[in-house]
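This briefing goes through one structure topic by topic, from a covalent link and a helix pair to individual residues and backbone geometry. Please read it with the sequence and the coordinates at hand.

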Amino acid sequence: HTRYPLVTGVQTCALPIYLFELNRAAGNKNKAVAALEELRNSAQFVEAPVAYYLATDELVKYLIDVGEKNPALKIFEDARIGGISGFQNQGTRDDLKQRLDRREIHYSLLGEMPNPLVDVVKSINGETITLNQLKGKVVLLDFWATWCGPCIEAFPTLRTWHEQFKGDLEIVGITRFYGFAGATDVNAVQEFEYLKSFVSEQKIDYRILVSDGIANQLRFGAMNLPTAVLLDRSGRVRYIEIGTSGSRLIELRKKLVELIGEK
């Protein structure tokens, strides 16, 4: 019933998440929120930090998505200060704070128009392009690198989506110069040739932008790779997540289909 794993010590984890998703789909906001609050309280009571983080993260994202960003950010701040203090172990508190801190920039971006991409010096499979030029389509920004195994694992799925949702979805892969190609130190010219060869080998046919610096990753909180960012047709950020897995790709596809269906 849920894309989240059961967390050891929290046997009630699955039911609140299921009730949240059920009520979210039905448009019952109060009941959806109550289900997540129940899970947060239960997770604190039985010392289940992962469940507490997942419920808090889902609650903040949900409230932002339904237009209640200020209450959402207050819940985030309260969790980062008071919520984690309810856990007894200092290591647990430190880990929770680190998880929440990493999400701060993502929460600030959700529902907003992002800053323009900067320092884009090269493009593969098309001309360089701005985010403004892509308004009218749903946009998936995929932050990746050649050395990132999980990034590569996601490429076949992204290629499928690029073909399946042609006309409605624009996928833009974003990488940067790292100064090496494989295990060899290279200059920018050599690295770009390596990138072109790599993109060809991976059969990537959507646009790849190459930046000279980390500014774009910093702007989108994408220092951990891969990071996926979804923009709706108006150009607003509606989804940001780090990492990839089968369940994460299912979640991402569900959200992009939702955004494609929005008028």
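A residue is called buried when its relative accessible area is under 20%, exposed when that area is over 50%, and partly exposed in between. By that scale glutamate 37, at 25% relative accessibility, counts as partly exposed. The model described here is predicted, and the points below are grouped by topic.

**The disulfide**

- A search of the whole structure finds 1 disulfide, and this link is formed by cysteine 148 and cysteine 151, whose sulfur atoms are 2.3 Å apart.
- The link of cysteine 148 and cysteine 151 is right-handed, with 80° about the S-S bond.
- Cysteine 148 has a relative accessibility of 4% and therefore counts as buried, and cysteine 151 likewise counts as buried because its relative accessibility is 1%.

**Helix 6 against helix 9**

- Two packed helices are described by the angle between their axes and the distance between the axes.
- Helix 6 (residues 149-164) packs with helix 9 (residues 246-261) at an angle of about 20°, and the axes of the two helices are 12 Å apart.
- Because angles under 35 degrees count as roughly parallel, helix 6 is described as roughly parallel to helix 9.
- The crossing of helix 6 and helix 9 is right-handed.
- On the side of helix 6 the contact is made by Ala154, Thr157, Trp161 and Gln164, while helix 9 contributes Leu249, Leu252, Arg253 and Leu256.
- In the contact of helix 6 with helix 9, the residues divide into 5 nonpolar, 2 polar and 1 charged.

**Histidine 162 in helix 6**

- Histidine 162 is also found in helix 6, and its relative accessibility of 17% is under 20%, so histidine 162 counts as buried.
- When neighbours within four places in sequence are left aside, histidine 162 is in contact with Ile171, Asp205 and Tyr206.

**Valine 172 in strand 3**

- Valine 172 lies in strand 3, which covers residues 169-176, and with a relative accessible area of 1% valine 172 is buried.
- Valine 172 and leucine 141 are 31 residues apart in sequence, yet their C-alpha atoms are 5.0 Å apart in space.
- Apart from neighbours within four places in sequence, valine 172 is in contact with Leu134, Val139, Leu140, Leu141, Asp142, Arg207 and Leu209.

- Asparagine 23 is found in helix 1 (residues 14-26), where its relative accessible area of 12% makes asparagine 23 a buried residue.
- Beyond its neighbours within four places in sequence, asparagine 23 is in contact with Asn28, Lys31 and Ala32.
- Glutamate 37 lies in helix 2 (residues 29-45), and, leaving aside neighbours within four places in sequence, glutamate 37 is in contact with Leu59 and Ile75.
- Between the C-alpha atoms of glutamate 37 and phenylalanine 20 there is a separation of 9.8 Å, and the two residues are 17 residues apart along the chain.

**Backbone geometry in the loops**

- Most residues other than glycine have a negative phi, and most peptide bonds are trans.
- The peptide bond from leucine 225 to proline 226 is cis, with omega near -5°, and proline 226 lies in the loop between helix 8 (215-219) and strand 7 (227-231).
- Since its relative accessibility is 41%, aspartate 119 counts as partly exposed.
- Asparagine 125, a residue other than glycine, has a positive phi near 65°, and the place of asparagine 125 is in the loop between strand 1 and strand 2 (138-143).
- Asparagine 125, at 39% relative accessibility, counts as partly exposed.

Definitions and conventions. Residues numbered from 1 in each chain as written. Predicted model: local features only at pLDDT ≥ 70, side-chain atom pairs only at ≥ 80, totals over all residues. Heavy atoms only, no water. Disulfide = S-S within 2.5 Å. Buried < 20%, exposed > 50% of the residue type's maximum accessible area, 1.4 Å probe, protein only. Axes fitted to C-alpha atoms, helices over the stretch in contact; angles between N-to-C directions. Helix = DSSP H or I, 4+ residues; strand = E, 2+ residues; numbered from the N terminus. Parallel < 35°, antiparallel > 145°, perpendicular 65-115°, else oblique. Left-handed = near helix turned anticlockwise from the far one by under 90°. Contact = heavy atoms within 4.5 Å. Nonpolar A, V, L, I, M, F, W, Y, C, P; charged D, E, K, R; others polar.
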